[in-house]
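Please read the following numbered points with the model open beside you.

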Amino acid sequence: MQLRGPLFLVLVVLLGVIAEAGKNKKDKGKKALSDCEDWEWGPCTPNSKDCGAGTREGTCNGEAKKLKCKIPCNWKKAFGADCRYKFENWGPCDAATGLKARSGTLKKALYKAKCDETIQVTKPCAPKTKSKPKGKKGKGKE
């Protein structure tokens, strides 16, 4: 019964050491945050070609940072990956140009990007195809 006191003390010290070790592992992954709050971020620049993984550069009071970013390869390059728009339905097909159009209003600008308030996008009209008449299934030749 005399061992309870020292054993309890060793247990408490051991738990304290384990807790500190866990904190240090978590802190290793974090980078020191800057005191600056008014960062100016540039566009995402892909590492190769015109889409995929890349970097975004930012400056604040003479301090510079680079962040990893990604531009999807199917993204509309006309208005960039940092501008998010709410689009209307597609309009009717213009027979003269063979295009249909729709407009979008700015919903969100990421990283304080310079985005147009409204944009107009077009796409080719779908070619008209004749639908095949569906026959009855399960019947033999008659």
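1. Cys-83 and Cys-115 form a disulfide (a pair of cysteine sulfur atoms within 2.5 Å), with a distance of 1.9 Å between the sulfur atoms. A disulfide is a covalent bond between the sulfur atoms of two cysteines. The torsion about the S-S bond of Cys-83 and Cys-115 is about -85°, so this disulfide is left-handed. Cys-83 belongs to strand E5 and Cys-115 to the loop between E6 and E7, so the pair ties together parts that are 32 residues apart in sequence. Helices (H or I, at least four residues) and strands (E, at least two) are DSSP runs, numbered from the N terminus.

2. The model is predicted: local features need pLDDT of at least 70, side-chain atom pairs count only at pLDDT 80 or more, and totals for chains, interfaces and linings use all residues. Residues are numbered from 1 along each chain as its sequence is written, and side-chain values use heavy atoms, with hydrogens and water left out.

3. Are Cys-83 and Cys-115 buried or exposed? Buried means under 20% relative accessible area, exposed over 50%, and partly exposed in between (1.4 Å probe, protein chains only). Cys-83 has a relative accessibility of 6% and therefore counts as buried; Cys-115, at 16%, is buried also.

4. The whole structure holds three disulfides. One of them joins Cys-44 to Cys-69, S to S 1.9 Å, and is right-handed, with 95° about the S-S bond. It links distant parts of the chain, since Cys-44 is in the loop between E1 and strand E2 (45-46) and Cys-69 is in strand E4, 25 residues apart. Both Cys-44 and Cys-69 are buried.

5. Cys-93 and Cys-125 are likewise joined by a disulfide, S to S 1.9 Å. Its torsion is about 105°, so the link is right-handed. Cys-93 is partly exposed, because its relative accessible area is 43%.

6. Asp-82 lies in the loop between strand E4 (63-71) and strand E5 (83-87). At 10% relative accessibility, Asp-82 counts as buried. The side chains of Asp-82 and Arg-56 are joined by a polar contact of 2.8 Å. A polar contact is a pair of N or O atoms within 3.5 Å; within protein, one must be able to donate a hydrogen and the other to accept it, and residues adjacent in sequence count only if both atoms are side-chain atoms. Beyond residues up to four places away in sequence, Asp-82 touches several others, including Cys-44, Cys-115 and Tyr-111; contact means heavy atoms within 4.5 Å.

7. Arg-56 also lies over the face of Tyr-111, at 4.0 Å from the ring centre. For this, NZ of Lys or CZ of Arg must be within 6 Å of the ring centre and within 35 degrees of the ring normal. Tyr-111 is partly exposed, with a relative accessible area of 37%.

8. Ring pairs link Trp-39, Trp-41 and Tyr-111 into a cluster. Rings of Phe, Tyr and Trp (its six-membered ring) pair if their centres lie within 6.5 Å; planes under 30 degrees apart count as stacked, over 60 as edge-to-face and the rest as tilted.

9. How confident is the predictor, and what is the average pLDDT of the chain? On this scale of confidence in each residue, from 0 to 100, the chain averages 77, and 64% of the residues score at least 70. Over residues 25-32 the pLDDT is below 50, and this stretch has zero contacts in the model beyond near neighbours in sequence. Where pLDDT is low, the predicted coordinates should not be read in detail.
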